Every structure is written in structure tokens, then in C-alpha cells.
Amino acid sequence: MAFLSSLVNGLSLGSIYAIIALGYTMVYGIAKMLNFAHGDVIMVGAYIAFCGAQYWGLPPVLCVLCAMAVCTVLGVTIERLAYRPLRQATSLAVLITAIGMSYLLQNLALQIWGANPKSFPTDLIAFPNLSLFSGQLKVSGVTVVTVLANLVIMVALTFFTGKTKMGKAMRCVSEDRGAAELMGINVNRTISMTFAIGSALAAIAGVLLCTAYPTLQPTTGSMPGIKAFTAAVFGGIGSIPGAMVGGLLLGIIEILSRAYISTELADAIVFAVLIVVLLVRPTGLLGKQVREKV
Amino acid sequence: MNAKRRKLIYNLSTYAVVVIAFIWCQMLLNSGGMTRSLKGQLVPICCWITMAVSLNLVVGISGELSLGHAGFMSVGAFTGIIISGWLQHGMGMEDTTLRLVIALVAGGLLAGVAGVLIGIPVLRLRGDYLAIVTLAFGEIIRNVMNCIYVSVDGRALNIDFLNPNLPGKLLLNGPNGAVSVGKIATFTAGFILVLVALFVVLNLTNSRSGRAIMAIRDARIAAESVGINATKYKMMAFVISAVLAGMAGALYGLNYSTLVAGKFKFDQSINVLVFVVLGGIGNTLGSVIAAAALTILPELLREFSNYRMLVYAIVLILVMLATNNPLIQQVTRNLAARVKRLFSKKQPKVSVKGGDQA
């Protein structure tokens, strides 16, 4: 039962990673850039939800919606102001700008909300705890909501990219930006849309993350951000199912190694698994194998 | 001016900038015109310059994005601290200069070994995948460093994993890091380290191996097809860079009385990358200047205390936007051309262009 309980915890953490990883992987697939500020958008989302619940007295659903709205606007603004002018620049220049953006968000949060950790209201997601196998396995309500949210998001995104016009445009842009432009797809709008979706997902992830681990400070988003980025690479960056698989596996590996091997070394084990996977499959688990042409 | 001469002038001016800066700092130190906080930054500045120069070898010259450079610095720092502590407490060596030199060499060597171990898997990957794996290695090194306990007992050096109960004097105390380190780093040592790093990197770039490394960066397949061993040369750049980073780390570690592995987080790797990118990728002198300027900048912004990292972030974004703006690029190019013309007027050259001019 202890194993099963760890597995459930891993599934919960993995779902959060997967939702964050979706943001990384979509932006990478379409804009071909590593958006290092994504982790900090999570943090902003969590703070907005915190303010909604604590200061403005909003009901939980409105808190989450408010966080999503703010993050969406934030993501699109960041893209418009900082990344769009660099569309033709080297990938390293974009990377550094993204890092600058990450510092900027962290320090703005520091100015606005202060350095002291805030304790996130865990009752924001009020869902009854489950008790399975006649009480031997307890599953918290947050875990249930997280896993369900992950499933809904996965189905919705699969539908969105497969069936809708905008989703198809996204796939086209990620395949070949030049050709997509020639076919009359508005590349800039598609990229903005990607950032909007990714950031809205980041807000959800932020709320879920902070409900499960309720300390909120300006650096809250950075480590989960890096882990989720690892998850995206693990599953094959640019691939939406890859981000799902990568996120879930990473969460499970992390929690299991925390429980059975060593708490101190859990992060090292996660990263070591990533390295082994990349050595065996250099483009990740579900990534496209690109053959090199001379 | 032929290419060789231009290179010589570039190299000499790089050394000259460093030497003049050192002399200027020494004069300021002697006249007492340097603030206390700036004085404390002298050794770290040398370390960051060395880090930037060494990362430039990987990112600029060899063209691989590495996000785990602080990991090598960490290996070097803790090796240096352990060796120095062992020599002092175990072997009774009191000569600080000799201890510093041995610690630096040991730090560099062990970081080099780490470079080989990491380079073998990493250099098989490409582009962003390579970047994420170096990031992963940096995090692994930090994590493992948090679990190592080292103590010196008589002449013996005890190293253990996840076990703090060691006999004798603890040098490295797991997550609490190194404690009561003998602060033996000096500004002169830092200056010499920078010169060594510059000497190694500049000579490497202008050598046969350096040209091979750059050829692989520009066109790997073409380079391989003329018989350049890509893995060997990439490895060479990676390991040399790791050794220099390790030496910088050893000096950095021996400049503080306590040091924790958390000091060498992912952010530090990124900071060094920022130095390299802002200094101009592949431009060694640029790395030196950017590293020095950006280490001092937060010190100078101390009046803004709370806002300094905010200002730093905004400056970083604006500089990236400005240097990649086509309009500004055009203006600077015109300016550079004008300056060039100004200088070339002094030595009139016979231009052989077309028949109508003759």
C-alpha cells in the first residue's frame, strides 16, 4: 500500500509537471525557443490566485479563472514585447532574453509581494478526500483534481490541435514556418495563441502546485519549471503526448526515488534518468527522429 | 593589415587590457581609493572572468550551448577547499602560496576529469538536447555535492557519502557545505589565473586544433569529411574549458570562509552565459570586459538595493533587444566602417580596383 500511495503521489506531481511541460513543448515546437520565463509565469499565476482568495475574497473558481486571465495576458505581452522583435535573431539571443524575462518576473514579484513565503490557501481546491481499499489508501482531493485536470487538458489539447483551424495552423507552423506563411497562415498570431494557451495552462499548474506544496515565494516557479522542461525534453520536446508521458514519468520517478532511495539524491536521480534516456533516444521518448541531410 | 597581424594585435590588446586593469586596481588599492565592498569583489571578478573566458571556449569557439558550467566550478571549488584544508591540517603546510597553487591545480584536474566523464555522453547530442543535458549534469553535481562528507584525521583524508559521522576535523559537511575554510585567495593569484586562462584560450584558438574546432562548429560534416576527428576536438575544447572553470572555482572557494553547493546553482551557469553573450559570442576580450562590468554593476547599483536585480533584468533584456535590432546594427556597422576609414587614412594604400582608376 505504501508503494501504491507513493505511486499516486507521483502521478499527482507528474500531472503538474505535465501541464507545465505542455507550455514548454508547445512554445518550443512552434517558436523554436526555450522559454525560460515559463516557470515564473506559474509563480505569477499562483500569486494571483492567492490574492484572489486572500485579499479579494473571490470564490475558488473565479480565483483560478482570474489567474488564468492574468497569465494569458502576461504571456502574450512578454511574447509581443521581448520575443517577437528577436524572431530573426540567434537562438542564444532569444534564450538570454527569456532568462532576463525570468529575472524580471521574479524581481517584480519580489517587489510586489515581498520575499517572505506566503502560505497558499490549501482549501482553494475543495474536493473530498478519497479512501480506497477500506481506508488503506488515502487519496487527497487535490490529487484527484490534479489528475483529472491533466486528463481534461490532454483531451482538450488533442482535440484542439487535431480538429480546430487554429490548432492545425499551429501544427503547420511547427512543421515549416516558411511554408505555413506562404499558405496564408498568420504566423505571429499563431505564436501569440501558443503563448496564450501555454500561459493559461501555467496558471492552472501554479494553482495545483501551490495547493499540493503550499509555500509561495518569488522563486517557487523556477525549480518546477526546470523539472518540467526536463520532462518536455524527456518525452521529446515539441511533442504534446511526449510532454504528457515525460511529465508523468518524471513525477513518478521523483517521488519513488524520494521514498525508496534517498531524499537528498532524488533530483540527481531524475536528471540521471533524463541523461540515460537521451543517450538511448537522442530526441526523447516520443520525439521525431530527424535524419540529417548533407 | 593581414589576418595574422590583426590577430596578434587583438591578442596583445586583450592581455594589455587585463594588465592595465590590474595595475590600475593595485594603484587604487595602495592609495586607498577603493571602497570596501569593491575590494571584496576583486577575487570574484577574476574568477568570473576566468569562467567567462572558459565558457566562451565552449559556446563561442566550439559552438555548443552549455548550461552547466557552474558544475565544474563547484567541483573545482570543493576540491580546492579539501586539498587546501588537508595540506594545512593534515600535512602541516603553512606556506599559503604553495597551498593555493596546489589547490588550484587539483581543482582544475578534478574538474577536467568531470569534464571527460560528462563530455563523453554529452557531446554525442546536438543543440538544445546538449544544452539540457549539461543543465542536468550541473544539477546532479550540485545534488551529489550536498551528500559528500569529508574530514581530515591526522594525515588521513576521510571521504564518505551521506554519513556525517567521520573522525577528525570536518572539511566538507554535506548540505552545510565547507566550513572554516582558510581564506588564502589573493587578487594577484586571480590576476595570474586570468592571464593563464587567456593564454590557453587565445593560443588554442590560433592553433591548428583551434582552427579544427572552429571548422567543426561552422560545418561539422564538411570538417569530418576532410578528416577532422570531430569528437576529439569537441572533447578537447570541453575539457580545457572544464579545467579552467575548476581552477576558477578553486580560487573562488578559497576566497570565502564558508561555501555551500547551493552557491553554484543553475543561475550561476546562466550568469556566466550572460557574460559570454553580452561580451560577444566567440570574442574573448568581450567576455573579459562583460564579466568584469557585470560583476561590478550590481555593486554599483547598491544604492538601489532592492531594485538592483530588477534593473539588471531590464538592462539585460534591453541590451539583447538593442543589439539584435536591425536598425541599430546598421548604425553600429556604419560607425565601425567610419572609424576604420579614419585609421586607414594614416597609411595610404594603393588601391587596385578597376581599369578606370589607374
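The mean pLDDT of chain A is 88, and 97% of the residues reach a score of at least 70. These values refer to a predicted model. Among the elements of chain A, the highest mean pLDDT, 93, belongs to helix H3 (residues 60-83) of chain A, whereas the lowest, 73, belongs to strand E2 (residues 130-132) of chain A.

The secondary structure of chain A comprises 11 helices and 4 strands. For its 294 residues the globule rule gives 19 Å, and the radius of gyration of chain A is 19 Å, so the chain is as compact as a globular protein of that length. Along the principal axes, the C-alpha atoms of chain A occupy a box of roughly 60 × 45 × 35 Å. Of the contacts in chain A with a separation of 6 or more, 74% are between residues 24 or more positions apart.

Burial and surface composition were computed for the chain as a whole. Of the 294 residues of chain A, 56% are classed as buried. With regard to charge, chain A carries 18 positive and 10 negative side chains, and a distance of 9 Å separates the centres of the two sets.

Two residues, A:Tyr24 and A:Leu137, were examined individually. A:Tyr24 is located in helix H1 (residues 2-31) of chain A. Its relative accessible area is 5%; because the threshold for burial is under 20%, A:Tyr24 is classed as buried. Beyond its neighbours within four places in sequence, A:Tyr24 makes contact with A:Asn35, A:Phe36, A:His38 and A:Gly39, and also with A:Gly225, A:Ile226, A:Ala228, A:Phe229 and A:Ala232. A:Phe160 lies 136 residues from A:Tyr24 along the chain, and the C-alpha atoms of the two are separated by 17 Å.

A:Leu137 belongs to strand E3 (residues 137-139) of chain A. With a relative accessibility of 3%, A:Leu137 likewise counts as buried. When residues up to four places away in sequence are set aside, the contacts of A:Leu137 are A:Met1, A:Leu4, A:Ser5, A:Leu130, A:Ser131 and A:Leu132. Of these partners, A:Leu130, A:Ser131 and A:Leu132 fall within strand E2 (residues 130-132) of chain A, the element with the lowest mean pLDDT. A:Met1, another contact of A:Leu137, is 136 residues away along the chain, with a C-alpha separation of 6.5 Å.

Note on methods:
Residues are numbered from 1 along each chain as its sequence is written. Chains are lettered from A and ligands numbered from 1 in the order in which they are written. This is a predicted model: local features need pLDDT of at least 70, side-chain atom pairs count only at pLDDT 80 or more; totals for chains, interfaces and linings use all residues. Side-chain values use heavy atoms; hydrogens and water are left out. The radius of gyration is taken over C-alpha atoms; the globule rule is 2.2 Å times the number of residues to the power 0.38. Buried means under 20% relative accessible area, exposed over 50%, partly exposed in between (1.4 Å probe, protein chains only). Contact means heavy atoms within 4.5 Å. Lys and Arg count as positive and Asp and Glu as negative; His and the chain ends are not counted. The place of a charge is taken as NZ of Lys, CZ of Arg, CG of Asp or CD of Glu. pLDDT is the predictor's confidence in each residue, from 0 to 100.
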